[in-house]
Amino acid sequence: MTLQLNHIKKDKDMTKDYLLELNPEQKKAVETTKGALLVLAGAGTGKTRVLTTRIVHLLKSGEAAPHQIMAVTFTNKAATEMKERVSSLLDGVPVASWWVGTFHSLSARMLRRHADRIGLNSNFIILDIDDQQRLLKQIAIDIGIDVKKWNPKLLASIIDGWKNKAKRPKDISFDDVLDIVDGKMLKIYEIYQARLKSLSACDFGDLLLHMIEILKDPKNKDILDLYHDQFRYMLVDEYQDTNVAQYLWLRLLAQKYKNICCVGDDDQSIYGWRGAEINNILRFEKDFLDAKIIRLEQNYRSTPQILQAANTLISHNNNRLGKELWSAEKMGEKIHLQNVWDSKQEAIEINAEIKKLKQVNLNNIAILVRAGFQTREFEERFMTTNLPYRVVGGLRFYERAEIRDAIAYFRLLIQPADDLAFERIINKPKRGIGKATIGNLHAFAKENNLSLYAASLELVKKQALRPKLLIKLKEFIDNFESWRMQMSEIPHSELAENILNESGYIDMWKSDKSIEAEGKIENLKELVGAIAEFENLHSFLEHIALVMETQKNINQDMVTIMTLHAAKGLEFDYVFLPGWEEGLFPNQKAIDEGGIKSLEEERRLAYVGLTRAKKKAYIFHASNRQIFGNWTDCIPSRFISELPEDLVEAKSDSGFYRGHKSCNLSHFDNSTDTNRAYISTNTVNTKEKTGNFQAGVRVKHSKFGTGTILTADGDKLEISFDTAGRKKIISRFVEIIS
DNA sequence: GTACTCTCAGTTTTT
DNA sequence: CTGAGAGTAC
């Protein structure tokens, strides 16, 4: 194969990406090291591009053909980008057959080939969280578990946790199940796995676990040999976020040639809750004995200000391998820190700051939030001001109810044994088949060891139902039989359209007069359009199970709103970080569950957020936030006080925000027409308690009040608060002015 | 079996 | 505050 390096795009950035980020020695190591290589590299040092460099070298030198390289990325999007980048650097590489993808998508691809070795139908469906939880709920109810106390979500997370650790039911020890779910958790797990098998289904964890099981079994040595022989080089991105199951999977496949190159940054490990094992990095040297380790500490992304702020922040973590990033980039602006009244104002202020960045392409601006619900406020604001935006993650296209319903129709068509799909759509649109009938169907199916679909077929044939019901059920079955006939005859997108029309599903939404109905019909049209881009319904369903994202409006200039987790690996010129408040970020629930370990993970998340910014980072914290409809006071995040003060430019609405000091309004009395507010200093975020002092302030009796008070120490305090008709004590964040 | 009302729990983060 | 699930009346 002759592949030429001079096919590098002339694009300046691309050249930079490829050449500048490694010094010659490192570049040589990355390109030519045989055996295990671990690249420990900080944010913005070009980790992902290390992988690209290596792949390009392997292909260019002819050391490996495309299909002999496996590259594992963290997201499917990253996989697509990697393919695009490599093929733009090298002409004539057939991208389609590449083994580039996430652990799950790669493993699914293998499992389809070898499912028969563990008695699994190779057409297995991949369950989404929704299916998984519904199934678990059924099981829990069946064996008499109080689903209110042990909700399916919790059950699912326990099973996921086990699967992340590569524990199958037989690997669960007594200690693991002590005290959880009335001691019945293991039983649930066992039944769950059995049900999955009878449904010809896998959940996400199974995609890896089944493959591990196959590869480990000496009976299947031929398969292991096959892949050992095929994958001469393996590369893994975001290695710090691999869990035990992924690690075992990787080790099984890499153990022969040990040509494995992992790239990661312990400071960016943010998936501990999903079983990510930082120990995988430490273990690496033990498992691959002469592993070479490269450290990359020069950051090519951010200004020195951003980088130093991030360095200082992360230095508060005790548990880290330790490194200090440096940058040769030119000096930029300080971190912008701003306090706002509430989340509504936060959106208004951020909108205003974005408007100020007139000459900046909106694609270079991002808002990174800690939790999904924070996006709502921004969406509402941007909608009214006509600022184009996209929300990444959040309510995903394929997770919408109408899309899931439609997909259930397709699933049932392809896999009649898919009871979960059957149950989802049997009465959508309404066919007069309710709880009672479904209960009967279940009983009949169980008795005769049939799927719900097969049971219906049988009952219709025997005419063993009430006349009205019989007609409806027959119609349902007949529809499916006729669609199945059409499968080989008409294009699949046309078939999909027929299904939605003939089933009455589209009509159901057309006759719905709610505001959302129109949008749902639009979504369904979009779905049919998306199907057309796939070879067949099978590959479409595989895509949605694993990818879950549609990439629309990708060419339009828009501000990106997403979670910090979703921002991993990305970069933007201007990054807005709202909601830096105790409880939200660091997240209280995380700390409650995981203590100091989780707090450090939250801090890494903050580090990830800051280091996404190339030119400027903006941090916001609100004084008040509505949680479940209740107003709650918010104290600035401790992470704010962990930033170096000289690199932060603080701004408040009043323009008097000084340093990081804050006070709380501890009493508020509006029983008379002039209000009296009592202030106590509680400088939580500077850790220096200056003692309580109280002082009164007179403010106008209005919904929102501001005022200035003179404290006993001679400090002037400016306060603002809302009365909202409340007489009780409210405490509010106030700013110090000197 | 359906349509309506009422109660109550839920907001981390995702392949 | 919202959405799911239970409870109630037809």
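Me: How far apart are the closest N and O atoms of Arg-376 and Glu-380 in their salt bridge?
Reply: This is a predicted model, where local features need pLDDT of at least 70, side-chain atom pairs count only at pLDDT 80 or more, and totals for chains, interfaces and linings use all residues. Residues are numbered from 1 along each chain as its sequence is written, and side-chain values use heavy atoms, leaving out hydrogens and water. A salt bridge here is a side-chain nitrogen of Lys or Arg within 4 Å of a carboxyl oxygen of Asp or Glu. For Arg-376 and Glu-380, the closest N and O atoms are 3.4 Å apart.

Me: Which helix holds both Arg-376 and Glu-380?
Reply: Helices are DSSP runs (H or I, at least four residues), numbered from the N terminus. The two residues sit four apart, about one turn, in residues 375–384, which is helix H16.

Me: Is Arg-424 buried or exposed?
Reply: Arg-424 pairs with Asp-130 in a salt bridge at 2.9 Å, N to O. That pair links helix H18 to helix H6, 294 residues apart. Buried means under 20% relative accessible area, exposed over 50%, partly exposed in between (1.4 Å probe, protein chains only). Arg-424 has a relative accessible area of 14%, so call it buried.

Me: Which residue caps the N-terminal end of H6?
Reply: The backbone nitrogen of Asp-130 has a side-chain oxygen 3.1 Å away.

Notes:
Chains lettered and ligands numbered in written order. Polar contact = N/O pair within 3.5 Å; in protein donor to acceptor, adjacent residues only side chain to side chain.
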